[in-house]
Every structure is written in C-alpha cells, then in structure tokens.
Amino acid sequence: MGPGQRFYEKTCAKCHEAGIGPVIKGRGFPPATYMIIARNGMNAMPAFRVTDIDDATLQDLAEYLSKTKAPEPAKK
Ligand code: HEC
C-alpha cells in the first residue's frame, strides 16, 4: 500500500466510507479534482493543508483514487 492509499484509509475513509461524505472511489474523477477538493475543502468537508498531507502524498492519493473502482454494493 502506498502513502496515498494509507492516508485515504486512515483519514478520508472515516467520512467517505462511513456515510458522512459521498463515496469517492470509482467516480472517474481526474487526480486534479481530488487534489483541489482536498486542499480547499467543500462545505462540511475540512480543507487539508500542506502540514496535514504534503504535495507528494496528496498526488499519490489522487492518482490512487482516480484509478479505484466503485466499492461493491453490500449484498443483502
Ligand atoms: C470530516 C469528514 C471528511 C473527511 C475527513 C474528508 N471528506 Fe471529502 N467530503 C466530505 C463531505 C461531507 C463531502 C460533501 C460536501 C458537499 O457536497 O457538500 C465531501 C466531498 C468530497 C469530494 C467531492 C465528492 C462529490 O461527489 O462531489 C471529494 C473528491 C472529496 N470529498 C475528497 C476527499 C479526500 C481526498 C479526503 C482525504 C484527504 C477527504 N475527502 C476527507 C467529508 C469529508
């Protein structure tokens, strides 16, 4: 697991896989979208500063997320 994925699982997933934020895996967003939203925040989502996640890690995170597939829907 790379540093970006690790950051996602530790931080972004707390909201984005818990129903607080929308699912952001498998959405087909380009890496720049993830980077801009993470740096600027979006309404209830906090902004992540360079002291929270450095540029290299954010780049890695954005590239990782842009390539992910949507999670499997929960089976009933
Ligand atoms: C504290 C909870 C929280 C954390 C942590 C968080 N987010 Fe979010 N995020 C949100 C919420 C809530 C929204 C929806 C904002 C809105 O549409 O009003 C959002 C929206 C987004 C969107 C836009 C999705 C869309 O469908 O428009 C992206 C992309 C995103 N977040 C990426 C990230 C990334 C990358 C991280 C980790 C670096 C992260 N978020 C961490 C709460 C969070």
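Keep in mind that the model is predicted. The largest pocket holds about 550 Å³ of space. Its lining consists of 26 residues, and those closest to the centre are His 16, Pro 22, Ile 24, Ile 37 and Met 45. Which elements give two or more residues to that lining? They are H1, helix H2 (31–40) and helix H3 (55–67). H1 gives the most, five residues. Sorted by class, the lining has 20 nonpolar residues, five polar and one charged.

Now to His 16, one of the residues closest to the pocket centre. His 16 sits in helix H1, which covers residues 3–16. Is His 16 buried or exposed? Its relative accessibility is 12%, so His 16 counts as buried; the cut-off for buried is under 20%. Setting aside residues up to four places away in sequence, His 16 touches Tyr 8, Gly 21, Pro 22, Val 23, Ile 24 and Met 45.

Next, the core. The largest nonpolar core has 14 residues, and those with the most contacts inside it are Phe 7, Tyr 8, Ile 53, Leu 58, Leu 61 and Leu 65. H1, H2 and H3 each supply at least two residues of this core.

Last, Leu 65. Apart from neighbours within four places in sequence, Leu 65 is in contact with Tyr 8, Ile 24, Lys 25, Gly 26 and Tyr 34. Tyr 8 and Ile 24 are also among the residues that His 16 touches.

Terms used: Residues are numbered from 1 along each chain as its sequence is written. This is a predicted model: local features need pLDDT of at least 70, side-chain atom pairs count only at pLDDT 80 or more; totals for chains, interfaces and linings use all residues. Side-chain values use heavy atoms; hydrogens and water are left out. Helices (H or I, at least four residues) and strands (E, at least two) are DSSP runs, numbered from the N terminus. Buried means under 20% relative accessible area, exposed over 50%, partly exposed in between (1.4 Å probe, protein chains only). Contact means heavy atoms within 4.5 Å. On a 1 Å grid over the protein atoms alone, a cavity is a set of points where a 1.4 Å probe fits but cannot get out, and a pocket is an open set with protein on both sides within 12 Å along at least five of seven lines; lining residues have an atom within 4 Å of a point. Grid points are joined across faces, edges and corners, and a volume is the space filled by probe spheres set on the points. Ala, Val, Leu, Ile, Met, Phe, Trp, Tyr, Cys and Pro count as nonpolar, Asp, Glu, Lys and Arg as charged, and the others, Gly among them, as polar. A nonpolar core is a set of buried Ala, Val, Leu, Ile, Met, Phe, Trp, Tyr and Cys residues joined through side-chain atoms within 4.5 Å.
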